[in-house]
Amino acid sequence: MSTSNSSTAVNDLVEQAEELCDVHDHITRIIADLDIPRDSFSDQYSHPGQAQFDFEPVIRMFLYQHAREFNDSELTRRLTGTAYVFIRFRLSRSPTQQGISYIWRRRLSLADRRQIKATARAIRGVTADHDLISPGEPRLDPGEIDDTGVSEDQIMRAIRIARDRGLSAFETDRAANATYPDEVFFERQAYLNLADVGTTTPRRRFDRLSDWAKTPHGDTHLRTMKKVGAADEQTTLTDFTDGNRPPDWDRLREAILEPFHEGVECLLDEVIDRGGVRQPVIAAIDVTHWEFYSSPYKDDEDIDPDDEPIIVNGEEKVPKEEFPEMVSGDPDRRRSYKFATLTIVGEDTPIVLGIEPVREASTWEVDAGESTAKREFVGRLLEQAEQHVEIHKVFADRGFDAHGVRDELDRHDVTYLIPKKKYAPDWDGIEQADEHAVADVAVEREVPLWVDGRKHNMSFMYVPSTEEEGQYAVYTTNRDVSPDEAMGLTSQYRQRWVIENEYKTIKKHFLPTTASTDYRIRLLYFVLGVVMYNVWRLTNLLLRDRVNVNLGDSPPLRAGEVVELIGFCLAPGG
């Protein structure tokens with residue numbers, strides 16, 4: 001291409017970008033919408049029709065790379081990242097880092113490479129002037145998916161299948177002739193969980209998405225959701241407001257978790273049939289927080305003369321009488337509702353198999369109730385999970401470094417791997433420690449652990465710390481392992497991070513906005529958020545064979561992208 005033609009092509013694309021700045025909200029959408037003339041660039045492949053990627057999407061990819069000033073490594077990460085930019089640019093899949101380098105050198109002439117860089121610099125300047133460059137990428141629109149070979153109908157069908165398996169068992173126990181059927185409430189609740197909004201805000205939008213002739217008002221919706229937590233007809237709803245009394249607590253928990261497990265069973269049937277889970281599984285256990293921001297103490301103007309103060313950090317404070325009893329934490333910093341979960345990790349599809357509410361006594365409570373013992377909810381989580389799958393190993397973090405927890409795991413005949421909270425540096429004095437011949441690893445074997453008259457042997461594994469150079473991390477397991485086996489077992493521990501990412505995803509994408517202090521609502525909303533997380537995981541498995549992407553553990557659709565897609569099919573036939 002001549003210098004004159006090259007300059008014309010650059011100017012044409014930059015002018016388009018300037019016009020598109022008034023239409024789109026991000027540089028990726030602008031580059032995706034550019035009309036690139038066929039003669040602007042020349043494919044150097046002798047048989048371009050046999051190439052793995054069409055030429056025009058390749059040009060968009062490189063315009064994006066150089067407009068954002070990314071190297072090949074960062075470009076690869078962005079293409080396979082949260083927003084799946086490769087779909088927006090109409091690439092069939094994300095190229096590897098090596099593939100990007102090869103395409104740049106072999107499919108583009110030196111002149112074309114220079115022209116792409118010049119065009120990208122100009123587009124960067126234009127979009128920066130309009131403040132359309134940001135650290136993240138916008139999520140996909142449903143229409144963008146169609147260009148990947150996965151039709152919108154196919155996506156909606158996959159999500160609808162997953163939704164039906166996850167939510168169909170929940171019931172409100174209302175009269176058969178009620179104004180609204182149960183389905184409309186749970187479809188609307190699914191939308192609330194996915195859209196991160198409250199019960200009243202999105203009614204109009206849900207009305208547009210829904211095929212229902214009428215949808216309930218937010219107050220009606222909230223009252224109906226509370227019925228889901230009612231244990232039986234003889235119990236008044238107010239008996240379950242805080243849920244901390246043992247008899248009521250168990251019934252509230254069971255009322256909500258029973259349909260949850262029916263949904264898990266349906267989801268797992270589909271996942272196992274498609275090879276997404278192979279038993280026995282590896283699982284992780286942890287506790288997550290749902291923040292609660294209200295202070296547990298009365299403001300000065302609300303304090304009555306008869307109020308009994310307590311001393312907190314050297315100051316007198318008066319606790320609120322009606323402060324939610326299930327909220328725990330630091331009175332001056334983090335306060336939250338807490339939930340423990342057990343999740344499949346490792347090479348299988350991450351599905352949450354168990355949920356347990358967690359209560360911790362807090363400093364602001366005058367008559368503090370009992371905290372939920374870790375060994376208690378660990379045992380309950382295992383019982384829940386064992387309804388569905390056989391468990392081989394369980395990973396937990398240092399917060400579970402307790403003899404009772406280890407005893408509970410051993411009694412369920414699963415291998416555990418739990419790091420110690422503290423490490424004593426003088427480990428040379430440990431007796432009977434087997435050291436690896438080459439690697440800096442040692443194992444103390446056959447250490448007896450006694451709990452309530454029961455005994456099992458455990459091993460201490462000493463491996464180099466990944467956090468502090470020259471230090472060691474100490475893990476415990478109920479397996480008798482050699483130093484070689486200890487290296488393999490502790491290297492698997494990184495799989496536990498799936499559960500950390502799970503919590504981030506649930507809280508960012510699948511919990512609704514609520515100010516309710518009614519524990520029925522909090523527990524139900526969290527459980528339904530987990531249902532939506534499991535639905536997302538199943539949806540990605542259903543689409544795995546349709547989206548030709550080799551991303552290892554990364555799913556074809558990220559949570560932020562699937563939220564809107566699920567929202568579009570929350571009504572019958574939608």
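Rings of Phe, Tyr and Trp, the last represented by its six-membered ring, are taken to pair if their centres lie within 6.5 Å. In this predicted model, ring pairs of that kind link Phe292, Phe323, Tyr337, Phe339, Tyr519 and Phe526 into a cluster, and the structure as a whole holds 13 aromatic pairs.

One of these pairs can be followed in detail. The rings of tyrosine 475 and tyrosine 493 have centres 5.3 Å apart and planes at 65 degrees to each other, and because planes over 60 degrees apart count as edge-to-face, the pair is assigned to that class. Tyrosine 475 belongs to strand S12 (residues 472–477), while tyrosine 493 sits in the loop between helix H16 (483–491) and helix H17 (497–509), so that the pair links distant parts of the chain, 18 residues apart. With a relative accessibility of 11%, tyrosine 475 counts as buried, and tyrosine 493, at 11%, counts as buried too.

On the H14 side the contact is made by Lys374, Arg375, Val378, Gly379 and Leu382, and on the H15 side by Gly404, Val405, Asp407, Glu408, Leu409 and Arg411. Sorted by class, the contact of H14 with H15 comprises 4 nonpolar, 2 polar and 5 charged residues.

Definitions and conventions: Residues numbered from 1 in each chain as written. Predicted model: local features only at pLDDT ≥ 70, side-chain atom pairs only at ≥ 80, totals over all residues. Heavy atoms only, no water. Contact = heavy atoms within 4.5 Å. Helix = DSSP H or I, 4+ residues; strand = E, 2+ residues; numbered from the N terminus. Nonpolar A, V, L, I, M, F, W, Y, C, P; charged D, E, K, R; others polar. Phe/Tyr/Trp six-rings, centres within 6.5 Å; stacked < 30°, edge-to-face > 60°. Buried < 20%, exposed > 50% of the residue type's maximum accessible area, 1.4 Å probe, protein only.
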